[in-house]
Amino acid sequence: MNLFILFKELKETFSLYSFINASIIFFGYILQSSFLQIYFYYSTNEVKGTREWKIQNKNAHNLGLFWAVPFLSEKKPGRAENHVLITTMNLVTASLFAFIITELCMNGYSKMSFNSDYSYVSTIKDILIIVSYENIMEYYWHRLLHSKIMYKNFHKYHHFYKAPEPWDDMYIHPLEAVAYYCILYSPPFLFKIHFISFLGYMVIMGLCGVI
């Protein structure tokens, strides 16, 4: 079976929006992290720049060479064990979540609405509600992760880097990442929201999460 036929069959089986949303998560993360890497490390001298703004600047001089997709490279000094495998896996998982959630919503398995009857006021109200919900849930989830058992078995991965730089935020235990994505993508199944509100929410959480 050639790739053209395979793509045609996938397109007939799944919504085009699912592929678009998964691609936005995948490539959006890469573009945002690349921008942060260039802006904070390569627009000025790396050592001088990190001393000016890094909280733990003594630990911040291991960025390595710039790569189009740095998390796929082992060239950065001081990288954690299996960094490439884990970060790549987690980004793919995030994209798959976007794909699956879009499919479920498009097929009526959520409380999300797609009608044209919405207002800016209701959109902003919904965004405030679901952003608040996500932050509260993530706060208590994070507290749980710092319990002795959870930290030792899962969360210690995420704290390997003492002075995180671009591309380090995806170094999370894969099971912890899945649990986080369940929280992140859960609002459409818990709240009656418009898809515009959810898109706004995802933009906010995506940008702020990485930063």
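# Exercises on helix packing

The chain has 9 helices and 0 strands, where helices (H or I, at least four residues) and strands (E, at least two) are DSSP runs numbered from the N terminus. The model is predicted, so local features need pLDDT of at least 70 and side-chain atom pairs count only at pLDDT 80 or more, while totals for chains, interfaces and linings use all residues. Residues are numbered from 1 along each chain as its sequence is written, and side-chain values use heavy atoms, with hydrogens and water left out.

**Exercise 1.** Describe how α5 and α7 pack.

Solution.
- Step 1: Two packed helices are described by the angle between their axes and the distance between the axes.
- Step 2: Helix α5 (residues 120-145) and helix α7 (residues 174-184) pack at about 160°, and their axes lie 9 Å apart. Axes are lines fitted to C-alpha atoms, for helices over the stretch in contact, and angles run from 0 to 180 degrees between N-to-C directions.
- Step 3: α5 and α7 are therefore roughly antiparallel (angles under 35 degrees count as roughly parallel, over 145 as roughly antiparallel, 65 to 115 as roughly perpendicular and the rest as oblique).
- Step 4: From α5, Tyr133, Glu134, Met137, Glu138, Trp141 and Leu145 meet Glu176, Ala179, Tyr180, Ile183 and Leu184 of α7; contact means heavy atoms within 4.5 Å.
- Step 5: The residues of this contact divide into 8 nonpolar, no polar and 3 charged (Ala, Val, Leu, Ile, Met, Phe, Trp, Tyr, Cys and Pro count as nonpolar, Asp, Glu, Lys and Arg as charged, and the others, Gly among them, as polar).

**Exercise 2.** Describe how α4 and α7 pack.

Solution.
- Step 1: The angle between α4 and α7 is about 25°, with the axes 10 Å apart.
- Step 2: α4 and α7 are therefore roughly parallel to each other.
- Step 3: Ile86, Met89, Asn90, Thr93, Ala94 and Phe97 of α4 meet Pro174, Ala177, Val178, Tyr181 and Cys182 of α7.
- Step 4: Sorted by class, the residues of the α4 contact with α7 are 9 nonpolar, 2 polar and no charged.

**Exercise 3.** Which residues have the most contacts inside the largest nonpolar core?

Solution.
- Step 1: A nonpolar core is a set of buried Ala, Val, Leu, Ile, Met, Phe, Trp, Tyr and Cys residues joined through side-chain atoms within 4.5 Å. Buried means under 20% relative accessible area, exposed over 50%, partly exposed in between (1.4 Å probe, protein chains only).
- Step 2: The largest core has 25 residues, and those with the most contacts inside it are Tyr29, Tyr181, Leu184, Tyr185, Phe198, Tyr201 and Met202.
- Step 3: α4 gives the most to this core, with 6 residues.
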